[in-house]
Amino acid sequence: MKNSNAILLIHCPDRPGLIASVTEFICSYGGNIIELEQHVDPKDKIFFMRVEWDLKDFSIPRNEISEYFKKNYGDKLSMNFKLYFNDYIPKMAICVSKMSHCLFDILGRYTAGEWKVQIPIIISNHEDLRWVADKFGIEYHVFKMNSDNKTSIEAKQKELLREKEIDFIVLARYMQILTDDFILSYPNKIINIHHSFLPAFVGAKPYHAAFERGVKLIGATSHYVTEELDAGPIIEQDITRISHKDCIQDLVRKGQDLEKIVLSHAIEHHINRKVLVYKNKTVLFS
């Protein structure tokens with residue numbers, strides 16, 4: 001049976017001896033370090049670290065690791081940290097509207113066993129993609145939403161998310177703007193995807209507008225959702241070139257391919273605890 005690993009994500013003011021302190025904590029209690037990566041922001045003088053270690057011979061019970069580290073290391077070194085375990089399988093909810101390309105890519109990877117994640121529910125504001133959920137055997141919940149009932153509907157959505165013990169949410173081309181209250185209930189736990197034209201070419205047909213402008217590059221961006229629309233910490237981005245030979249349909253196809261790949265990479269980084277958010281940026285560990 002595969003051993004369980006613990007993962008620490010840390011950021012704090014930079015100072016000498018931080019790596020030595022963390023590795024001393026792990027090694028002195030019998031832990032075997034599997035991965036360690038660190039970075040120092042030279043401008044803000046902030047230290048970032050991700051360390052993963054084998055718990056097989058680690059002498060501190062896993063339910064006491066966080067408190068012990070906080071008391072003996074974290075507080076003394078002004079560390080902000082989060083502790084995770086690789087044998088915990090997070091639960092992900094997907095929100096969709098009518099476009100299916102990202103949804104199919106996510107569910108394809110999910111059923112192929114690429115990710116250690118559960119998907120108990122799909123939430124939508126339309127019936128259009130229920131057949132996809134049925135095909136994959138996943139609950140599909142429709143919440144009809146408008147400007148008058150948004151607050152009450154989001155309350156029902158949050159109740160469902162709590163009932164299903166959802167850890168994080170993926171907006172797979174969900175064409176609704178979330179309220180601040182909803183976003184603050186899941187800080188850095190809502191992942192969105194959109195084309196990378198923003199703030200240019202806003203609206204319902206960005207690829208048409210980009211085609212008329214004669215763009216030479218198109219791209220996609222995946223980020224955590226914050227109260228400021230489409231301005232949250234970026235997790236993943238990619239681009240592809242466009243030429244004069246490409247028609248609107250080519251732009252849409254290439255753009256949707258990028259959206260699928262970029263969103264899936266962002267989800268994978270999140271599941272594997274490779275993302276550390278600081279201010280409105282991310283440190284993405286390899």
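Q: What makes the seven strands in the order 7-6-5-8-9-10-11 a sheet, and is the pairing mixed or of one kind?
A: Two strands pair if DSSP finds at least two bridges between them, and strands here are DSSP runs of E with at least two residues, helices being runs of H or I with at least four, both numbered from the N terminus. By that rule seven strands form an open sheet in the order 7-6-5-8-9-10-11, and the pairing is mixed. This is a predicted model, in which local features need pLDDT of at least 70 and side-chain atom pairs count only at pLDDT 80 or more, while totals for chains, interfaces and linings use all residues. Residues are numbered from 1 along each chain as its sequence is written, and side-chain values use heavy atoms, with hydrogens and water left out.

Q: Why do strand 7 and strand 11 stand at the edges?
A: Strand 7 (139–142) and strand 11 (234–241) each have a single partner strand, so one side of each is left without a neighbour in the sheet. From one strand to the next, the twist averages 20 degrees, with axes fitted to C-alpha atoms (for helices over the stretch in contact) and angles running from 0 to 180 degrees between N-to-C directions.

Q: How do you know that strand 10 is paired with strand 11?
A: Seven bridges join strand 10 (residues 217–224) to strand 11, and the two run antiparallel. The rule asks for at least two bridges, so the pair qualifies. Within it, Gly 219 stands opposite Ile 239 of strand 11.

Q: Which strands does helix 5 lie across?
A: Helix 5 (residues 150–163) lies across strand 5 (91–96), strand 6 (118–124), strand 7 and strand 8 (168–171), where contact means heavy atoms within 4.5 Å. Its direction is at about 170 degrees to strand 6.

Q: What is the strand order of the open sheet of four strands, and which strands are its edges?
A: The order is 2-3-1-4, with antiparallel pairing. Strand 1 (residues 5–13) and strand 3 (residues 46–54) pair in the antiparallel sense over nine bridges, and Leu 8 stands opposite Val 51 in strand 3.

Q: Which helices lie across strands of that sheet?
A: Helix 1 (residues 18–28) lies across strand 1, strand 2 and strand 3, at about 20 degrees to strand 3. Helix 2 (residues 65–74) lies across strand 1, strand 3 and strand 4, at about 155 degrees to strand 4.

Q: Why is helix 1 called oblique to helix 2?
A: Helix 1 and helix 2 pack at about 140 degrees, with their axes 12 Å apart. Angles under 35 degrees count as roughly parallel, over 145 as roughly antiparallel, 65 to 115 as roughly perpendicular and the rest as oblique, so helix 1 is oblique to helix 2. Ser 21, Val 22, Glu 24 and Phe 25 of helix 1 make the contact with Ile 65, Tyr 68, Phe 69 and Tyr 73 of helix 2.

Q: What makes helix 3 oblique to helix 8?
A: The axes of helix 3 (residues 101–111) and helix 8 (residues 248–271) come within 9 Å and cross at roughly 45 degrees. That angle falls among the rest in the scheme, so helix 3 is oblique to helix 8.

Q: How do you know that Glu 35 and Lys 274 form a salt bridge?
A: A salt bridge is a side-chain nitrogen of Lys or Arg within 4 Å of a carboxyl oxygen of Asp or Glu. For Glu 35 and Lys 274 the closest N and O atoms are 3.2 Å apart, so the pair meets the rule. Glu 35 is in strand 2 and Lys 274 in the loop between helix 8 and strand 12 (275–278), 239 residues apart. By this rule the count comes to 17 salt bridges.
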